[in-house]
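Please read this report with the structure open beside it.

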Amino acid sequence: MKVTVMGAGWVGIVSAAAFARFGHEVVCTDIRDERIVALNSGDLPFFEPGLFELVAEGLASGRLQFSLGTDETIREADVVMCAVGTPPTANGSADLSAVFECARQFGRASVKKSVFVIKSTVPAGTAQRCKEIIEEEQRLRQTNLSFSVASNPEFLAEGNAVRDALTPERVVVGCDSERYFNFFEELYAPLIAQNIPVVFMSVASSELTKYAANAFLATKLSFINEIANYAEIVGADPREVVKGIGLDSRIGPKFLRPGVGYGGSCFPKDVRALIASGNEAGYRFRILPEVDRVNTFQRVRYYEKLSGALGGVKGRRIVIWGLSYKPETDDIRESPALYFIDRLQQEGADIVAYDPRVKESIHSVFPALALAPSAEESLKGADALVLLTEWEEFSKLTVAEIRAKMLGSVIVDGRGVWKEIQNGLIT
Ligand code: UDX
């Protein structure tokens, strides 16, 4: 199949490279010239395990290309997939202007029966608006081509995206016209052959499924964080509680690790966007605003553990381990580290940070932040260590080994890495 993926961001590149592996002819487009030039020579704009190899394989086979988003890239495509960003607006709702621009271009350029697929995370009702835009464009050029607008959300977790794209647990397709189901059966044929479920549903259900999945996982995290906070007061060990409830198959063991809370480009944004689209539709979510509040509160709580243990952070040398919002990515969006560094700077601490992947990019937010060349090096003269991302290299060191290299002894474990540390703090 000929597939055009609009948007060479994280979702677009991963999806395009996966479709090329599935055997399709894929063009991934963007409006940024320098990005396209870099991608065609195999340079990725971010780190994602296994993606470099997958993209290189696609480029070498000739099945994957990167191109500026011209009308030609749309014309002959069977499937045009929209994977552009939907950043938050001031009230938390998703900014859909880039999605609508893609729909407009599809309506203007397409010359054959094809399907416009929304992979970007968008509120229910967006596909319907795209359909109207495409119809309007077709009217303007006096054509009446057969097309469908479908929703096919991604469930890619950063750090694991290549595996999630090549062997997902399920594929969700929202398509209101059965006449277009065969497009998806062909697109995902290699997955169907492996018995991976491709679930067809209405477009609106599919749009909501993406938000519901992320909001549910975020709720699970805020729930376990509240249980952990309470456990601390009554002398229970949250890790034991997690084991006890996680063995119940109705609950499951995953996404129950308490700590400084979730970050990243999805959970915070999607929870707020779902609240905003609920409000627009006349439904006020009760749980979700609390999920967001609990999450915001977690980082404050852990910060106060640090500051309380040191009797104030002014003039103290504080080491931050982990700047990305989770391991195996260099993404710092909504990372708890940003909150810590900002507040530590305001309160006059002497900060040094180390992250195995995040280097200069942190200087766009904190230009003067000192970065250590290694984890061990960072500990010299440290009054306290704060772990905010559970990179594997950190957990390989024991608390005793770490303390032996520090000046002080305070460790805040924001991710529950070390068994010896109860409730995230050892003094
Ligand atoms: C998430 C969804 O998992 C993915 O399906 C969706 O498409 C995009 O959003 P991502 O944000 O990349 O993916 O990471 P994920 O692994 O889900 O973690 C999200 C956040 O939750 C991270 O900050 C992580 O540190 C935190 N987390 C996760 C916990 O605090 N505890 C846990 O037990 C699990």
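## Trp10 and helix 1

Trp10 lies in helix 1, which covers residues 10-21. Helices (H or I, at least four residues) and strands (E, at least two) are DSSP runs, numbered from the N terminus. The model is predicted: local features need pLDDT of at least 70, side-chain atom pairs count only at pLDDT 80 or more, and totals for chains, interfaces and linings use all residues. Residues are numbered from 1 along each chain as its sequence is written, and side-chain values use heavy atoms, with hydrogens and water left out.

Is Trp10 buried or exposed? Trp10 counts as buried, at 14% relative accessibility. Here buried means under 20% relative accessible area, exposed means over 50%, and partly exposed is in between (1.4 Å probe, protein chains only). Trp10 touches Phe46, Glu48, Leu156, Ala157, Glu158 and Ala161, not counting residues up to four places away in sequence. Contact means heavy atoms within 4.5 Å. From Trp10 to Gly23 is 13 residues in sequence and 21 Å in space, C-alpha to C-alpha.

Which order do the six strands of the open sheet follow? The order is 11-10-9-12-13-14, and the pairing is mixed. Strand 11 and strand 14 (425-426) are the edge strands, and each pairs on one side only. Two strands pair if DSSP finds at least two bridges between them. Strands of a sheet pair through backbone hydrogen bonds, either parallel or antiparallel.

Start with strand 11 (residues 370-371). Strand 11 and strand 10 run parallel and are joined by two bridges. Ala353 has Leu371 of strand 11 as its bridge partner. Strand 10 (residues 350-354) is largely enclosed by the rest of the structure, because four of its five residues are buried.

## From strand 9 to strand 10

Strand 9 (residues 317-321) pairs with strand 10 in the parallel sense, over five bridges. Between them the chain passes through helix 14 (residues 336-346), and this β-α-β crossover is right-handed. Right-handed means that, with the strands pointing away from the viewer, the path from the first strand over the helix to the second runs clockwise. In strand 10, Val352 is the bridge partner of Val319.

## Strand 12 and its neighbours

Strand 12 (residues 384-387) runs parallel to strand 13 (residues 410-413), joined by four bridges. Four bridges also join strand 12 to strand 9, again in parallel. Ala384 has Val410 of strand 13 as its bridge partner. Ile318 stands opposite Ala384. Val386 is partnered by Val412 in strand 13.

Both faces of strand 12 are covered. Ala384 and Val386 on one side are buried, and so are Leu385 and Leu387 on the other.

Helix 10 spans residues 203-234 and holds Tyr230. Asn225 is also placed in helix 10. Asn225 is buried, with a relative accessible area of 2%. Tyr230 is exposed, at 52%.

Asn225 touches Pro258, Gly259, Gly261, Val294 and Gln298, leaving aside residues up to four places away in sequence. Tyr230, Ile233 and Val234 make a nonpolar surface patch of about 360 Å². Patches are made of residues with over 30% relative accessible area and no salt bridge; like charges are joined within 9 Å, nonpolar side chains (Val, Leu, Ile, Met, Phe, Trp, Tyr) within 5 Å. A salt bridge is a side-chain nitrogen of Lys or Arg within 4 Å of a carboxyl oxygen of Asp or Glu. Accessible areas come from the Shrake-Rupley method with a 1.4 Å probe; for residues, only the protein chains shown count as cover.

## Tyr262 in its loop

Tyr262 is in the loop between helix 11 (238-246) and helix 12 (267-281). Tyr262 is buried, with a relative accessible area of 5%. Its contacts include Ala218, Leu221, Phe267, Asn295 and Glu334. The C-alpha atoms of Tyr262 and Ser335 are separated by 7.8 Å, though the two residues are 73 residues apart along the chain.

## Two positive phi values

Most residues other than glycine have a negative phi. Gln142 has a positive phi, near 50°. Gln142 sits in the loop between helix 6 (126-140) and strand 6 (147-151), and counts as exposed at 72% relative accessibility.

Glu328 also has a positive phi, near 65°. Glu328 is found in the loop between strand 9 and helix 14. At 34% relative accessibility, Glu328 counts as partly exposed.
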